[in-house]
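Dear colleague,

I am handing over the structure we spoke about, with the sequence alongside.

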Amino acid sequence: INTVLKGTCEHPELYTNMEPCLVPLVLQILGNDGEYLEYMEFALDTLTFITYFPLKISEQLWEAFPLLYKAFDGWAFDYLMLMTPPINNLISKDPQHFLTATAAFPEGNAKYVDMVFSIVSKTVNEDRSSESEQRKALSLYLSVLHNCTGQVDSYLPTINDVVLAKLGQQVNAETPMTRHSIFQVLGSALYYNPQLELAELEKRGCTHQVMTQWMKDVDSMEKWLTKKMTVLGLL
């Protein structure tokens with residue numbers, strides 16, 4: 001199925017006709033507490049295709065969002081790397097729906113945006129998470145900050161709590177890749193709202209330390225995105 005989706009990606013209008021068959025299958029795999037775990041990779045790859053290429057996200061497709069969170073939180077933590085692309089796609093395709101939508105859980109209603117912040121926080125603070133998984137999770141902050149301009153001010157303190165705590169752990173790390181991901185987030189936050197982000201840094205009394213470490217790491221930045229967010233955030 002995914003081979004067909006890949007072969008037809010230049011004609012995203014065809015995906016609309018395939019959705020009624022594919023979406024129920026994906027939801028079935030995501031929503032049964034790991035009963036179909038052996039098909040999880042297939043389902044997430046399919047979900048990535050059908051959330052990336054079509055121009056619009058259908059209501060039925062949005063049903064996958066809370067199922068992704070529930071799976072991550074319960075039995076599919078190890079699939080984070082494959083979950084992140086469709087989550088990023090859903091946020092970027094319809095940020096307004098993402099910001100306003102909620103889902104009902106036994107413990108109460110939860111906003112989609114809060115689910116994303118929970119995924120990032122749990123991944124970054126989980127001892128069994130690899131550094132690459134933590135970096136992947138941090139990329140969700142970028143999606144929120146760049147697609148929800150002016151609408152997530154109240155989440156900046158949480159973002160700073162998570163990334164600055166992680167930066168403190170990474171100061172002496174020999175490999176700077178995780179620090180680079182943190183600086184992508186901080187650059188995005190500064191680009192999102194420089195006044196608010198600087199206030200967050202000042203409130204924590206760490207502006208000088210953050211900027212000093214950032215400048216130390218500039219020469220080791222090889223990825224285009226890290227360089228771009230450094231320029232946009234600091235200039």
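Within what distance do the axes of H11 and H14 come, and at roughly what angle do they cross? They come within 8 Å and cross at roughly 35 degrees, where axes are lines fitted to C-alpha atoms, for helices over the stretch in contact, and angles run from 0 to 180 degrees between N-to-C directions.

Please keep in mind that this is a predicted model, in which local features need pLDDT of at least 70 and side-chain atom pairs count only at pLDDT 80 or more, while totals for chains, interfaces and linings use all residues. Residues are numbered from 1 along each chain as its sequence is written, and side-chain values use heavy atoms, with hydrogens and water left out.

The helices are DSSP runs (H or I, at least four residues) numbered from the N terminus. H11 passes H14 in a left-handed crossing, a term that applies if the near helix is turned anticlockwise from the far one by less than a right angle. In this contact (heavy atoms within 4.5 Å), the H11 residues include His180, Gln184 and Tyr191, and those of H14 include Leu225, Thr226 and Met229. By class, the contact has six nonpolar, six polar and no charged residues; Ala, Val, Leu, Ile, Met, Phe, Trp, Tyr, Cys and Pro count as nonpolar, Asp, Glu, Lys and Arg as charged, and the others, Gly among them, as polar.

H11 also packs with H9: their axes come within 9 Å and cross at roughly 10 degrees, and the two helices are therefore roughly parallel (an angle under 35 degrees). Among the residues that meet are Arg135 and Leu138 of H9 and Ser181 and Gln184 of H11, and the contact has ten nonpolar, five polar and two charged residues.

On helix H10 (residues 156-170), helix H9 (residues 131-147) packs at an angle of about 150 degrees, with the axes 12 Å apart, which makes H9 roughly antiparallel (over 145 degrees) to H10.

The largest pocket holds about 340 Å³ of space, a volume being the space filled by probe spheres set on grid points joined across faces, edges and corners. A pocket here is an open set of points on a 1 Å grid over the protein atoms alone, where a 1.4 Å probe fits, with protein on both sides within 12 Å along at least five of seven lines, and lining residues have an atom within 4 Å of a point. Its lining has 19 residues, of which Arg135, Ser181, Gln184, Lys223 and Thr226 lie nearest the centre.

Best regards

Technical notes. Angles under 35 degrees count as roughly parallel, over 145 as roughly antiparallel, 65 to 115 as roughly perpendicular and the rest as oblique.
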